[in-house]
Every structure is written in C-alpha cells, then in structure tokens.
Amino acid sequence: MPEPTGRRERKKAATRQKIADAARRLFLERGYEEVGIREVAAEADVAVTTLFSHFPAKEALVFAEDAGFARRLTEAVTGRSPDTPLVPALRHEVEALVRHCSSDEAAPVYHLIDTTPALRQYEAAMRQRHADALATALTAARAGSATACRALATFTVDAYALARDADEPGAALDELFAMIEAAWAAAGPGRP
C-alpha cells in the first residue's frame, strides 16, 4: 500500500499492520482453525470491532496485502504511460508478487493456506476479485473487447498462482507471459 500521509492514516495503517502481524504469528504457532478472532484482537491489543473495521473476515487476516495487489494490477493499466506496453506492465506487478510470495519468509504462510480449506477457498475468491477488478480497468481503458479484457485479466491473475507454485517461478513466468503476450496480440491488431 502507498505510505499514508496524514497522522490519522498512519495510525490506522499501524493498527492494521499490528492486527495482521498478531494474526499471522498466532496462526503459524497454533494453526488457523485453532485461533479465534477474539484471541487475535487480544494479541493485537484492539477491540474485536476494531479488528473487523480493518478486516472483513477471519480469512482476510491471512491476506492482509490483498487490496494492495489488486490496486497495483489496476494501476499497471491506468497509470502506465501511453508508450508503455500493457502486458509487460502487468507482468512487472505479477513478478513482484511472485517474488514476495515465493520467498522463504512467505513459505510458512503459503503452507498454512495450502493446508487450510477455508483459506484455499478464500484465496480462489480473492483471485476472482482481482481478475474482475483488472478486467474492469482494462475495459475502462478501452484496451480491447470485453471478452479480450476479461481473458487477459484472468490469465494474468492465474499466471501469478501458477508461477508461485512452480519449482522455477521465473521460468514459469517467462513461459506464461509469452503465451499471454501471443494471445493478446492475436486478439486484435494494434493492442497497447
């Protein structure tokens, strides 16, 4: 997320981070299913209502950076200069997320996600939300037909999931984005 500028925004961001850190620590120590919301709130020294003002569901505590990734994907479309090609801009954001999520530090969190059905289900729904937001941004930017934009968005978000789980994430991204680039070029002449 961008660095909050005002005092109030900084306090809210610090509280959110404190809650996410407490949840991550408890979930990794004891297991996701074994930890209740009240315990997370107590560990973070906040009220349960404060926790829910920052995170809409228990599962969201594990995916604290969800909104930031969705924002970066849409900004790769809306914030790029006219001479910046679209697919490489999207790849740049996916690469950053794959690097973060495939780091040694993130491995225990992804093991937790992979072994917890509720978290796997939440992650799938989250990826769909990301693809929907990206498709909306692509369509608004008149990047292509609604079908082409939806396909590009879905392929981009799925490329993240496939690369994250690959033995060689960089090689997987090379292969996946070569296919995405070819499909986008085939969707019509003059694509950005």
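Author: Start with aromatic pairs: rings of Phe, Tyr and Trp pair if their centres lie within 6.5 Å. This is a predicted model, and a search of the whole structure finds three such pairs.

Reader: What makes the pair of F63 and Y122 stacked?

Author: Planes under 30 degrees apart count as stacked. The ring centres of F63 and Y122 are 5.3 Å apart and their planes stand at 25°, so the pair is stacked.

Reader: Which parts does this pair tie together?

Author: F63 belongs to the loop between helix 3 and helix 4, and Y122 to helix 7, so the pair links parts that are 59 residues apart in sequence.

Reader: Why are F63 and Y122 called buried?

Author: Buried means under 20% relative accessible area. F63 has 7% relative accessibility, so F63 counts as buried. Y122 has a relative accessible area of 16%, so Y122 is buried too.

Reader: Why is the pair of F69 and Y160 called tilted?

Author: Under 30 degrees is stacked, over 60 is edge-to-face, and the rest is tilted. The planes of F69 and Y160 are at 45°, with the centres 5.9 Å apart, so this pair is tilted. F69 lies in helix 4 and Y160 in helix 8, so the pair ties together parts 91 residues apart in sequence. At 3% relative accessibility F69 counts as buried, and so does Y160 at 4%.

Reader: How do you know that the buried residues of helix 2 line one face?

Author: The buried residues of helix 2, which spans residues 37-44, are I37, V40, A41 and A44. Seen down the helix axis they fall within an arc of 100°, so they line one face of helix 2. They pack against helix 1 and helix 3. On the other side of helix 2, R38 and A42 are exposed.

Reader: What follows helix 2?

Author: Helix 2 is followed by D45, which has a positive phi near 60° although D45 is not a glycine. D45 sits in the loop between helix 2 and helix 3.

Reader: Why is D45 called exposed?

Author: Exposed means over 50% relative accessible area. D45 has 65% relative accessibility, so D45 counts as exposed.

Reader: What makes R142 exposed, and where is R142?

Author: R142 has 74% relative accessibility, so R142 counts as exposed. Its place is in the loop between helix 7 and helix 8. R142 is a residue other than glycine with a positive phi, near 55°.

Reader: Why is E65 called partly exposed?

Author: Partly exposed covers the range between the buried limit of 20% and the exposed limit of 50%. At 48% relative accessibility, E65 therefore counts as partly exposed. E65 lies in the loop between helix 3 and helix 4. E65 and Q17 are 48 residues apart in sequence and 9.9 Å apart in space, C-alpha to C-alpha.

Reader: How do you know that R16 has no salt bridge?

Author: A salt bridge needs a side-chain nitrogen of Lys or Arg within 4 Å of a carboxyl oxygen of Asp or Glu. The nearest side chain of opposite charge to R16 is D66, at 7.2 Å, and R16 is buried without a salt bridge.

Reader: What does the side chain of R16 reach?

Author: The side chain of R16, a residue of helix 1, reaches the backbone oxygen of H54 at 2.6 Å. The limit for a polar contact is 3.5 Å.

Terms used: Residues are numbered from 1 along each chain as its sequence is written. This is a predicted model: local features need pLDDT of at least 70, side-chain atom pairs count only at pLDDT 80 or more; totals for chains, interfaces and linings use all residues. Side-chain values use heavy atoms; hydrogens and water are left out. Helices (H or I, at least four residues) and strands (E, at least two) are DSSP runs, numbered from the N terminus. Buried means under 20% relative accessible area, exposed over 50%, partly exposed in between (1.4 Å probe, protein chains only). Lys and Arg count as positive and Asp and Glu as negative; His and the chain ends are not counted. A polar contact is a pair of N or O atoms within 3.5 Å; within protein, one must be able to donate a hydrogen and the other to accept it, and residues adjacent in sequence count only if both atoms are side-chain atoms. The arc is that of the directions from the helix axis to the C-beta atoms. Contact means heavy atoms within 4.5 Å. Rings of Phe, Tyr and Trp (its six-membered ring) pair if their centres lie within 6.5 Å; planes under 30 degrees apart count as stacked, over 60 as edge-to-face and the rest as tilted.
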